[in-house]
Amino acid sequence: MSTEPAMADPIITLTTDFGEADPYVAAMKGVILELNPAARLVDLSHAIPPQDLVHAAIFLVEAVPYFPAGTLHVVVVDPGVGTDRKLLYLELGEQRLLVPDNGIVSLLEQRLPPRRAFILSESRYWRSSVSRTFHGRDILAPVAGHLSRGLDPSQLGPATSTFQRLPLPVSRKEGNRIQGEIIHVDYYGNLISNIPGEQLAGRHVSRIAIGEQAARLVETYGQGGDGELVALISSSGLLEIAVPGGSAAQRLGASRGTPVTVELNPDRIV
Amino acid sequence: MSTEPAMADPIITLTTDFGEADPYVAAMKGVILELNPAARLVDLSHAIPPQDLVHAAIFLVEAVPYFPAGTLHVVVVDPGVGTDRKLLYLELGEQRLLVPDNGIVSLLEQRLPPRRAFILSESRYWRSSVSRTFHGRDILAPVAGHLSRGLDPSQLGPATSTFQRLPLPVSRKEGNRIQGEIIHVDYYGNLISNIPGEQLAGRHVSRIAIGEQAARLVETYGQGGDGELVALISSSGLLEIAVPGGSAAQRLGASRGTPVTVELNPDRIV
Amino acid sequence: MSTEPAMADPIITLTTDFGEADPYVAAMKGVILELNPAARLVDLSHAIPPQDLVHAAIFLVEAVPYFPAGTLHVVVVDPGVGTDRKLLYLELGEQRLLVPDNGIVSLLEQRLPPRRAFILSESRYWRSSVSRTFHGRDILAPVAGHLSRGLDPSQLGPATSTFQRLPLPVSRKEGNRIQGEIIHVDYYGNLISNIPGEQLAGRHVSRIAIGEQAARLVETYGQGGDGELVALISSSGLLEIAVPGGSAAQRLGASRGTPVTVELNPDRIV
């Protein structure tokens, strides 16, 4: 069987919308390692679409909960840099995050209950010169370096219990009809809706429609024919529309906001 | 001179077709680190073209053999997820791999002889809830975490000695003519053929043609004029067609499958 | 407060124009780790535009200085591979680099003074078989592995004090007029000029023009209206042209080389 893992150096993950052609991610890594050369940097993504807070929120709720307790996640999707938006240290469940206070944890905080939060205000933990356009490098990265060396987060600034939330669409269930919409299109062109899979559990589904098209409910991609429009419960537990071997987004011309409807059969329980 | 390297934490590499905009890679990293926070994660690529098994096979044979003995490589290019395709633990030479049984090791196993293989069936090493669409996160990642902590691979499931192979094109040598084709177009537009460079060694080459165009055999890109069509032996030992300072793929409109012909001069030995 | 960081394994960063679909980056990582499994690999970028030395030079000056003293940076943007261009080991300030001698450190060496440099010539630290097209894998990666294990860099080859420089454009200040140009377009479409921000410090600016268009000088993106053309001092200290919430590059059709003019008011000091 497995042996116990050894004590490991602190893990710091990075999630940004910086892309990789520019030196922004690299500069942040340098700042963190300069403060703590033993930090273990883990790239989550630098390909969040620029300034797309909804995408970032979905990304975080699908990724952050899997990490070991105590992992520190630095997230820079920050259209408000240079305005008076706050920067936060957050503990959600056993995860720790450094984020702009702009709603990108709106979904994550529903899954992992907030435990405490501090507003970053103590500039002695920042770079001595703070640019107005790059707080990832000048504030979040050095604060991450200090935290990874054991700094008590309460030193970072005043505690807070309020933070911003995104106006994310929620699916509605009315009688035997669930009305939702596409909230995410993935790399393969699969369409993820905001309809929780558990709303279909144990029920007989009469019809699933995306726009005007019907999709057949299956359990795996493999059950669909090549090119067939199917619906299934995604790896995140949400209703997903897919075309096995193809792109549902392209086939349907669908995108974020496209409506999805599920009709349940009131007379039959599976 | 160099000192001996210190004992290092276990290395786990990741190769996927997930792209980076979606949270799939991040979730896998979380699952591995949750089981073994000391694992050293190394990204090989998350830009394998979606579900492109041939590309993955070429990628693996060009990358995996360079790693230190005992490295564990997790590869998720898996169009068959959710069907009855198997997942495998493989030892090829001194390398260890976790892969779907879909042929992506077809080239690698020609270079590194298979030593043993097990079919992943013992679900106690998987996530407790396994989705039907994301075995990378739910099966391969946790198995990698357990292996990196010392789990004996024979615990993972029954041994096997058969696995899938891809129907990859092979070049043919008939008399003084070698007929092959392009099997890979790289980032620079260089065209990699399936003709082994050793078939040209010590021989005088009369003509190299790609489609209708002749390419001049050179030893380095630098020997070609700007914009000239040249042929050379690639870093992987295969005959490659290139345009110094440009893209051969674009110039010729060539792609995977474009024929390549080499004519050897029977009367002359270099 | 923070505790002292633990002794850490050696950090080796990687910056290339290889992209991620091909196995080139992965092969380099394998070669380094095979020589030193304890090396901590940090990806800076593999998305430098192919063979773009100016982009690489700007990238390095914005990233390298932030790293801890002694970090080893391997950079492969190498259009001259296979020609007689040299490969160098360089110490710039406290940073160590392995680079082709093609000018990519032209900006960095202005910020971090060169201390010593060696031409890589001792092939016993290279792979035993060196391809003519991939010196990143066959020379730079193994040399990095040896250095990270403590090899004295003077063993790599003869010392040198001359290396190539890029013909980068420099801004000119004539009287109250500064004439520069765009040298970098970032991921967001922000336009970075070659005009140092300090040339505007303490002066009243009458007009900033890019091509025929005037840009309003602001301190942060947030001070600009949506879609307004603004100028500000970038995170790297250079004058930058931006459109808050949009792409200045797209809006103006601007690119590298587009002229930028600043007119200072001689009668007013801020």
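Is the crossing of helix 1 of chain B and helix 4 of chain B right-handed or left-handed? The points below take this up first, and they concern a predicted model.

1. The crossing of these two chain B helices is right-handed. The axes of helix 1 (residues 24-35) and helix 4 (residues 135-148) of chain B come within 8 Å, and they cross at roughly 35°.

2. On the helix 1 side of chain B, the contact is formed by B:Ala27, B:Met28, B:Val31, B:Ile32 and B:Leu35. Helix 4 of chain B contributes B:Gly136, B:Arg137, B:Ala141, B:Pro142, B:Ala144, B:Gly145 and B:His146. By class, the residues of this contact comprise 8 nonpolar, 3 polar and 1 charged.

3. In chain A, helix 1 (residues 24-35) packs against helix 4 (residues 135-148) at an angle of about 35°, and the axes are 8 Å apart. Helix 1 of chain A passes helix 4 of chain A in a right-handed crossing. Residues in the contact include A:Val31 and A:Ile32 from helix 1 of chain A, and A:Ala141 and A:Pro142 from helix 4 of chain A. The division in chain A is 8 nonpolar, 3 polar and 1 charged.

4. Chain B has an open sheet of 6 strands with mixed pairing, in the order 2-1-3-5-4-6. Strand 2 (40-45) and strand 6 (114-119) of chain B are the edge strands; each has a single partner strand, so one side of each lacks a neighbour in the sheet. From one strand to the next, the twist averages 20°.

5. Strand 4 (residues 87-92) of chain B pairs with strand 6 of chain B in the antiparallel sense, over 5 bridges. Within this part of the sheet, B:Leu90 stands opposite B:Ala117 of strand 6 of chain B. Helix 1 of chain B packs on the sheet, where it touches strand 1 (11-16), strand 2 and strand 3 (72-76) of chain B. The direction of helix 1 of chain B makes about 160° with that of strand 1 of chain B.

Note on methods:
Residues numbered from 1 in each chain as written. Chains lettered and ligands numbered in written order. Predicted model: local features only at pLDDT ≥ 70, side-chain atom pairs only at ≥ 80, totals over all residues. Heavy atoms only, no water. Axes fitted to C-alpha atoms, helices over the stretch in contact; angles between N-to-C directions. Helix = DSSP H or I, 4+ residues; strand = E, 2+ residues; numbered from the N terminus. Left-handed = near helix turned anticlockwise from the far one by under 90°. Contact = heavy atoms within 4.5 Å. Nonpolar A, V, L, I, M, F, W, Y, C, P; charged D, E, K, R; others polar. Pairing = 2+ DSSP bridges.
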